[in-house]
Amino acid sequence: MAMWRRFSSVLCAVVLATAAHAQSGRRGGDETSRFQRAAKEIQRQISAGEYAHAERQARQMLERVRERRGESGAATRLLFLLGKSFWLQGRNDEADAVMAEGVALCQRVRGDDAKLCLGGQVQHANILQKLGRFGEAHASLRQALAWVEALPEGAAGLRIATLNQAAHLYGEMGQYREAEPLLGRALALSEGRSERAMLNARAGTLFFLGRLQMKQKRLEEAERNLREALRLQEALHGAEHRLTARTRFQIGHLLLQQNRPEAVDVLRAATDAFIKRQAERTEAAMSAMSVLALALEAQGRVEEAESWHRRALENARLGGIPASQAHLSRRYGHFLAQQGRLREAADIYRGGVAAAEKLFAQTRGLPEELRHGVIGQFLQMYRELIDLLLRLHQQEPAAGRDREAFSVTALTQSRIFSEMLRQAQVSEYSRSERFRLLKSQRDRLLDRQAAAMQGGETIEAEAIEESDGETQPVAPVPPGTDGRLTESEAALAKTEEALWREFPQYMELVAPRRLDAARIQSQLRPGEAVLSFALLRQRSVVFVMTREQFAAVPLSPGRADVSSRIRDLRAPFETVAAQGDPAGLLGLDPAKLHDFYREMFQPASAHLGGISRLIVIGDGPLYTLPLGMLVERYEEEDRRRFLASRETGSPFGEYASLPYLGDRYRIGYLPSAATLAALRESAASRKRYAEQLVAFADPRFHGKTGSPAPLRGGLAPLPETAEEARRIAGILDSAQTRLLIGEAAQEHAAKQPAMADARYVLFATHGVLGGEFIEEAESAAQQPALALSMAGDLRGEDGWLTMREVMEQVRLEAELIVLSACNTAGGAGGGEGFAGLSRAFMYAGARGLVVSHWAVESAATRDLMVELFRRLRAGSDAVVALAEAQRAVRATSTQTAGRPVSRAHPFFWAPFVFVGD
């Protein structure tokens with residue numbers, strides 16, 4: 001939506017006012033007066049919607065100013081006005097080029113004079129964001145917000161406008177927590193002010209706040225703020241002003257969300273006003289058309305609704321705004337699907353996914369949480385396309401749409417981590433002279449090809465790389481190149497062929513291919529199967545792949561139902577962790593474990609003949625429950641046996657006789673299908689390790705000064721972990737083990753280069769989720785971490801080995817990392833699968849990890865780890881060794897208050913899972 005325009009006007013007005021003052025002090029006279037009058041006239045034309053006139057006058061004036069003054073503040077301001085006129089006409093690429101030139105010129109002419117350059121900087125950030133160039137937009141925003149802090153107290157209008165615009169852009173990128181405080185600051189600056197400019201600014205802040213609240217479904221607050229904004233704007237500008245129309249449109253959208261019948265009339269009036277005063281390709285007009293179509297659709301006026309849907313999407317495509325293309329494609333595609341026009345709907349959705357993929361590719365280099373916010377806005381569109389393709393597959397089973405549905409599912413899985421994994425692998429290539437030569441050749445050929453396409457103008461390499469998730473098609477040869485581009489293409493194809501053959505991980509990073517099922521199947525071994533889940537709104541699907549077959553198996557529960565059931569199954573474990581009373585474990589009902597098995601796994605079992613090993617790629621909540629604890633059978637006889645054992649046997653012994661899924665299959669997990677491809681396609685040869693084991697155990701949590709960043713509730717000592725490490729070292733070759741126990745379990749030791757020479761690494765300590773620290777140190781407060789020694793010679797560390805530190809400072813080549821601690825699997829958010837420490841250690845170089853799903857019982861964990869390493873030493877791989885160790889622990893008991901307590905309950909043996917290959 002073109003919500004920036006109100007504030008573009010404010011920014012422009014402030015810049016022009018500053019310009020007038022600056023010019024009168026230096027030059028004076030008629031020339032300055034003429035320039036001021038011309039600039040005001042251009043601004044008036046823009047405000048009145050006379051964009052073509054504004055463009056012509058700005059061009060003419062800019063040419064005269066450059067002839068007389070060269071690089072100057074006047075030229076800067078005219079570039080800003082010209083860029084704005086382009087943007088309002090939907091000519092986004094031209095607007096970007098002109099605004100970039102204006103910002104660069106402003107900084108050359110004025111240096112760090114934030115007040116003069118700020119307006120253009122923020123406008124340019126808006127344009128960059130709408131074009132999907134999030135990295136550049138984010139950098140511009142940060143610079144603008146830094147300048148805001150340096151503004152004098154009297155520049156409240158510019159300060160408010162900048163805060164509003166920054167908040168709007170953060171909101172568009174899904175960063176609501178960052179956006180709302182900025183709007184709170186802006187409201188505080190206009191509080192109690194009655195000047196017209198301040199009332200204008202306040203109305204804009206209320207508008208943006210209402211729109212942000214709508215995105216968060218806080219509709220009552222949103223309506224209150226939007227109606228107050230409308231009251232101010234009608235008083236200031238009248239009922240026909242474009243700002244008033246814009247706010248009225250937003251209220252119409254809100255009325256539609258509340259299913260109120262007056263929405264259509266409000267939206268139609270706003271849409272007509274946008275088209276009349278502006279242009280169809282402006283974002284405001286396109287959004288208004290689309291929302292009006294939704295309102296008409298809700299009233300059953302199908303033909304009229306489709307006309308507006310199609311018109312909005314066509315303009316979004318012509319305008320080249322990928323975010324708008326994605327959003328409007330989803331709306332039109334959903335409309336067509338509702339009408340039963342499934343093939344047409346699928347085509348529209350595909351275009352929306354392609355636009356979203358382009359956006360995602362352009363977020364490379366941004367903070368991970370920002371990338372999550374950008375792509376998270378579109379995940380439901382991907383899921384709707386998956387559901388649509390499955391419906392089409394039911395109609396035409398031989399058309400291959402089930403395989404296409406898998407490919408789309410792969411796009412929703414942990415792509416950020418998959419990219420990070422590729423980057424880590426590619427970093428190893430830098431030592432190869434052959435790689436450096438081929439990469440340099442490719443970069444030069446891309447530059448040459450781009451220059452030819454631009455008529456000889458060289459383009460920087462960084463501007464070339466633009467991927468939508470598939471290899472880009474070759475552009476046609478422009479006339480007049482005499483075949484030079486064709487020769488360049490041939491050379492480029494030859495170079496890229498060599499890179500694909502010799503350094504595929506690099507090519508997957510810079511020109512990723514769409515991941516298809518056949519590629520995954522080719523990597524599977526005999527007896528292996530991949531189960532890749534997609535949780536949709538009304539139902540779910542699991543894609544089952546072996547070397548020989550592929551099947552898309554429908555599942556009845558939808559995403560919300562699956563999430564609710566898993567919360568219910570995990571509740572007994574959470575109760576024990578919170579209250580410390582093991583009696584809460586009796587709440588784990590085998591009937592519920594069996595029901596979940598029947599609905600989420602049994603339908604796939606028909607395709608698993610001859611399979612002994614499963615690679616599970618979950619979706620959202622499925623990453624938080626070990627599937628091995630599901631119960632395959634629980635009939636009436638099983639129920640009677642279970643209850644009788646509960647009455648007569650040792651506590652929890654009744655769980656021993658249940659037929660668990662983990663007894664039939666050896667189960668490993670991965671965050672995405674792309675991760676499996678990355679690991680298998682780059683399978684490293686076995687290396688000779690200098691050390692069999694490095695173990696961190698029983699850290700000292702309280703030194704002379706206490707814990708620098710204590711855990712809520714404190715950190716209990718873990719003496720049994722020292723025994724765990726010593727017993728494991730005894731199983732392995734003690735001469736090749738290094739035990740870092742007590743004060744020696746230092747964070748700095750984990751960051752030493754020698755860690756890359758360890759075959760196995762064990763962290764036997766406390767693990768914490770993000771946000772569990774007392775918020776003393778911002779660097780650690782919200783990150784998952786392992787607690788290491790906080791006494792002795794810390795060498796500048798604080799004892800918390802955080803997720804970010806693992807990724808940035810730890811380098812490993814271990815076959816297996818064992819995080820013998822609580823909650824190290826980390827849960828799932830934003831489609832990224834296993835989170836936190838699991839992904840961090842995989843990025844650091846681990847081929848596999850053993851991680852936990854809940855707060856583990858210490859003695860059972862010790863025995864499980866000893867059994868795990870006993871089987872690893874005997875030659876079992878990690879997945880088999882873990883399954884056998886779990887079965888062994890399940891058959892043991894412990895003493896509580898002098899009474900034997902069985903460890904057959906999944907709480908004791910099931911929390912740990914294997915992640916990796």
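Reply: A residue is called buried under 20% relative accessible area, exposed over 50% and partly exposed in between, with a 1.4 Å probe and protein chains only. By that rule, 58% of the 917 residues of the chain count as buried. The model is predicted, so local features need pLDDT of at least 70 and side-chain atom pairs count only at pLDDT 80 or more, while totals for chains, interfaces and linings use all residues. Residues are numbered from 1 along each chain as its sequence is written, and side-chain values use heavy atoms, with hydrogens and water left out.

Rings of Phe, Tyr and Trp (its six-membered ring) pair if their centres lie within 6.5 Å; planes under 30 degrees apart are stacked, over 60 edge-to-face, and the rest tilted. The count comes to 18 aromatic pairs. Tyr597 and Phe601 form a stacked pair, 5.8 Å centre to centre with 25 degrees between the planes. Phe601 also forms a tilted pair with Tyr665, at 5.7 Å and 55 degrees. This pair links distant parts of the chain, the two residues being 64 residues apart. Phe601 counts as buried because its relative accessibility is 2%, and Tyr665 counts as buried because its value is 6%.

Elsewhere, Phe573, Phe652, Trp854, Phe907 and Phe908 form one aromatic cluster.

A charge sits over a ring if NZ of Lys or CZ of Arg is within 6 Å of the ring centre and within 35 degrees of the ring normal. Arg246 lies over the face of Phe207, 3.9 Å from the ring centre, and the charged end of Arg890 sits over the ring of Trp909, 5.0 Å from its centre.

Definitions and conventions. Helix = DSSP H or I, 4+ residues; strand = E, 2+ residues; numbered from the N terminus.
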